[in-house]
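Visitor: I've got a protein on my screen and I'd like to find my way around. Could you walk me through it?

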Amino acid sequence: MISRTLGPEFGGSIGLMFFLANVCSCAVYILGLVEAVLDVFGELPNAGAGHRGVHVLPQSYLYDVLYASSILLLCLLVCLVGAQIYAKTSFLIFLMVHVVLITIFVSFFAVGPKTISIVRQSGNASQTVLTNYTGFDLATLQRNIMDDYSVDYTTGSVMTFATVFAVMFNGCTGIMAGSNMSGDLKNPSYAIPKGTIIAVIYTLLVYLLLFLMVSFTCDRVLLQEDYGFFRQINIWPPFVVIGVYGASLSASMSTLIGASRILHALAWDDLFGVLLSPAKRTSKTGNPWVAVLYTWVLVQLVLFAGKLNTIAGIVTIFFLMAYAAVDLACLSLEWASAPNFRPTFQLFSWHTCLLGIVGCLVMMFLINPVYASCGIVLMLILLVVIHYRSPTSSWGYISQALIFHQVRKYLLLLDVRKEHVKFWRPQILLMVANPRTSAQLITFINDLKKGGLFVLGHVEIGDLDTLPSDPIHPQYNFWLSLVDKLNVKAFVDLTLSPSVRQGVQHLLRITGLGGMKPNTLVLGFYDQCVPDDYFLCDPAFQDTKENDHFGVDIASLQAHFPPVRGGETSKSLSEAEYVAIVSDALKMQKNVCLARYFSAMNKKDLFAKTRPERVSIDVWPLDLLQPDNSHYVDVCSLFLLQMACVLTMVFSWKAARLRIFLCIESGDESWVKKEEKLQELLDKLRIKATIKIVIWDQVVALHWRRQRPPQEREAGRDSALVSDDYLRAANRMVLEQRYHTAVRFLYLPRPPADTAHSCRYLQQLDILTEGLGPTLLIHGLTPVTCTDL
């Protein structure tokens with residue numbers, strides 16, 4: 001139940017501790033039965049007239065272990081036969097115990113006051129103590145009402161409320177016996193809650209009546225010195241002996257069977273691997289006989305401890321942890337507002353769950369802080385171990401329900417009207433045509449997002465009207481498995497559309513919720529390069545036998561994504577449509593990034609410890625297509641600078657240095673002021689960067705505006721007039737400034753308004769960035785910097 005609610009980590013750790021609690025509890029019941037047997041039949045050193053029964057059984061530590069082992073062997077034989085014979089046996093014991101209880105209640109009224117002699121043993125010496133059974137007497141109740149704890153006969157320490165609670169609590173754990181045997185019940189969903197509640201109420205009433213009657217009738221000395229005092233006051237003393245023996249034997253078998261069922265469930269869920277795999281085996285009738293043998297061995301080991309009350313304290317702590325986990329499971333389901341959580345118990349409330357958790361934890365530390373702390377540490381260790389070694393289950397996780405509940409609440413609180421530039425962060429939609437060729441770019445954008453939203457978008461070409469079913473839904477598992485393989489923190493959003501352009505529009509509009517929507521579109525560069533297949537280079541995609549937690553193996557992942565486009569294969573996206581996508585994004589007020597040559601990026605080589613020089617991140621904040629009409633401090637240039645700075649803040653990129661290039665002409669005397677202004681801006685923005693001065697007279701001289709008379713150099717003329725010679729010169733200038741450059745950030749000019757120039761626009765970008773290595777062309781529309789407090 002805990003596993004299916006809180007997940008296998010909590011279920012496995014609590015389940016193992018609940019199993020150990022039942023193992024120790026079985027040992028406690030057996031040791032209690034041995035004490036009861038020896039109290040009647042045990043050999044005493046100085047037997048006198050005050051001794052009852054036939055004291056023929058020798059007593060010592062080894063003999064006590066032998067008696068306990070014999071009783072355990074009897075329980076083992078019954079459990080190996082199966083739960084059916086135990087159920088029949090336990091019903092007979094149930095009837096017998098009730099007969100004994102009736103005689104005990106009748107005896108309180110039928111037996112008159114009398115004096116009882118008790119023989120107290122101290123080593124080889126004995127002492128007779130006289131005490132009274134007073135019948136119903138208010139004075140007796142007044143003498144018994146206050147606490148007066150004595151020394152524990154097993155540990156030699158003075159008892160306290162907590163230690164007495166620990167011993168007494170074991171008498172109430174039998175109410176969970178039905179839950180432990182849920183696999184053997186015809187209708188567990190009906191029988192367990194009803195039976196457990198009845199058992200709790202019935203046990204409470206029986207104990208309360210016994211406590212009250214004993215307190216009214218028995219002297220305190222009688223209660224402290226004679227643990228079998230019910231025999232002294234019963235109308236027929238053998239009734240009590242039979243009842244104690246029957247109840248203890250029944251409890252021993254109950255916990256032994258219950259523990260074996262818990263162990264069988266743990267083994268069946270494969271939470272502990274090979275260690276417990278034999279415990280899965282069952283007989284033809286379904287009896288988990290190997291789990292019974294496992295449990296028998298562990299109970300036998302606990303019996304060697306011999307100290308009943310010490311074991312009882314440990315058992316109580318384990319049981320309290322298990323009960324607290326049950327409360328936690330119900331509390332989590334209630335707080336998660338899961339629609340399918342509909343408890344039939346009408347008095348259920350999260351308040352009672354919380355009270356149960358607090359009560360269990362408080363009592364654990366009151367009983368023994370050391371044992372309680374060790375138990376919690378053990379549970380946490382088991383939780384971590386199971387989390388890292390067990391497969392992901394299909395049972396559902398309460399954590400997912402809680403996360404959904406909280407995320408929905410906080411998304412409603414994330415008001416887009418309250419956004420401020422001081423807290424801006426990139427929220428990126430990366431369009432991926434084929435992950436085989438985009439894996440390095442996906443990894444790079446994962447670094448660039450810096451705690452922001454990262455969504456992998458993909459457009460499947462098609463029309464739902466012509467298809468029998470939606471082809472998108474089955475693909476999500478493959479894309480999510482890809483995200484796991486690449487170890488990136490990204491969401492996946494897929495869409496079906498008649499064209500890529502329409503599909504990108506759909507994703508830009510509908511991806512995200514509330515304040516978490518993409519503000520930046522990233523596209524791969526449109527060129528004629530033949531891409532490499534990343535899946536063939538990375539060893540992580542070569543082990544075809546490896547499966548992920550959701551059933552997608554590497555072979556299926558390889559087969560799902562289409563092979564890499566060959567050099568002679570035409571692209572499914574035209575140049576005009578590609579440029580139109582960029583224009584659409586800018587119209588929708590989205591920042592646009594075009595990424596080129598990222599398939600050549602290798603972060604391991606860039607940041608290898610053997611590398612002699614630090615790598616650099618280069619920023620060119622000038623619009624190279626319109627050098628006379630650009631400024632270093634416009635919105636787009638600052639956006640470039642911000643994105644580069646974000647990258648340097650990522651842990652894996654902290655070793656890189658940031659360089660900003662200032663292009664000047666030798667005859668321009670204002671370049672010093674430009675540098676000072678740029679440095680002042682960097683200081684205000686607290687960006688650590690080096691400003692590099694680049695003299696580009698020979699480059700800018702090739703620009704079409706410089707080749708025309710000054711009166712014809714209007715700013716609004718078409719940039720399509722930029723010559724290839726100028727672009728190649730600008731490309732060489734950027735390339736000459738390389739110095740261990742890892743990635744370049746370049747200014748992306750707006751696409752032309754005239755769609756007839758789309759091809760020329762792409763040609764210009766192609767020439768400008770040819771051979772530069774990993775390059776990001778960026779056009780930013782969003783203000784991202786603020787110097788106000």
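Predicted model: local features only at pLDDT ≥ 70, side-chain atom pairs only at ≥ 80, totals over all residues.

Visitor: What is the strand order in the open sheet of ten strands?

Guide: The pairing in this sheet is mixed. Strand 5 (491–497) and strand 10 (690–695) each pair on one side only, so they are the edge strands. Neighbouring strands are turned by 25° against each other on average, direction ignored. Reading across the open sheet, the order is 5-4-3-6-7-12-11-8-9-10.

Visitor: Which strands does strand 8 pair with, and by how many bridges?

Guide: Strand 8 runs parallel to both of its partners here. As for the counts, strand 8 is joined to strand 9 by four bridges and to strand 11 by five bridges.

Visitor: Are the residues of strand 8 buried or exposed?

Guide: Take the two faces in turn. Ser-616, Asp-618 and Trp-620 point one way, while Ile-617 and Val-619 point the other way. Buried means under 20% relative accessible area. On both faces, the residues of strand 8 are all buried.

Visitor: In strand 4, which residue stands opposite Leu-429?

Guide: Start with strand 3 (residues 428–431), which runs parallel to strand 4 (residues 454–461) and is joined to it by four bridges. Leu-429 falls within strand 3, and the residue opposite it in strand 4 is Val-455.

Visitor: How do helix 17 and helix 23 cross: roughly parallel or roughly perpendicular?

Guide: The axes of helix 17 (residues 435–448) and helix 23 (residues 635–649) come within 8 Å and cross at roughly 95°. Angles of 65 to 115 degrees count as roughly perpendicular. That's why helix 17 is, relative to helix 23, roughly perpendicular.

Visitor: What kinds of residues make up the contact of helix 17 with helix 23?

Guide: Helix 17 brings Phe-444, Asp-447 and Leu-448, and helix 23 brings Met-643, Val-646 and Leu-647. Sorted by kind, the residues of this contact are five nonpolar, no polar and one charged.

Visitor: At what angle does helix 23 run to strand 11?

Guide: Helix 23 lies across several strands, including strand 8, strand 9 and strand 11. To strand 11, helix 23 runs at about 160°.

How values were computed
Residues numbered from 1 in each chain as written. Heavy atoms only, no water. Buried < 20%, exposed > 50% of the residue type's maximum accessible area, 1.4 Å probe, protein only. Helix = DSSP H or I, 4+ residues; strand = E, 2+ residues; numbered from the N terminus. Pairing = 2+ DSSP bridges. Axes fitted to C-alpha atoms, helices over the stretch in contact; angles between N-to-C directions. Parallel < 35°, antiparallel > 145°, perpendicular 65-115°, else oblique. Contact = heavy atoms within 4.5 Å. Nonpolar A, V, L, I, M, F, W, Y, C, P; charged D, E, K, R; others polar.
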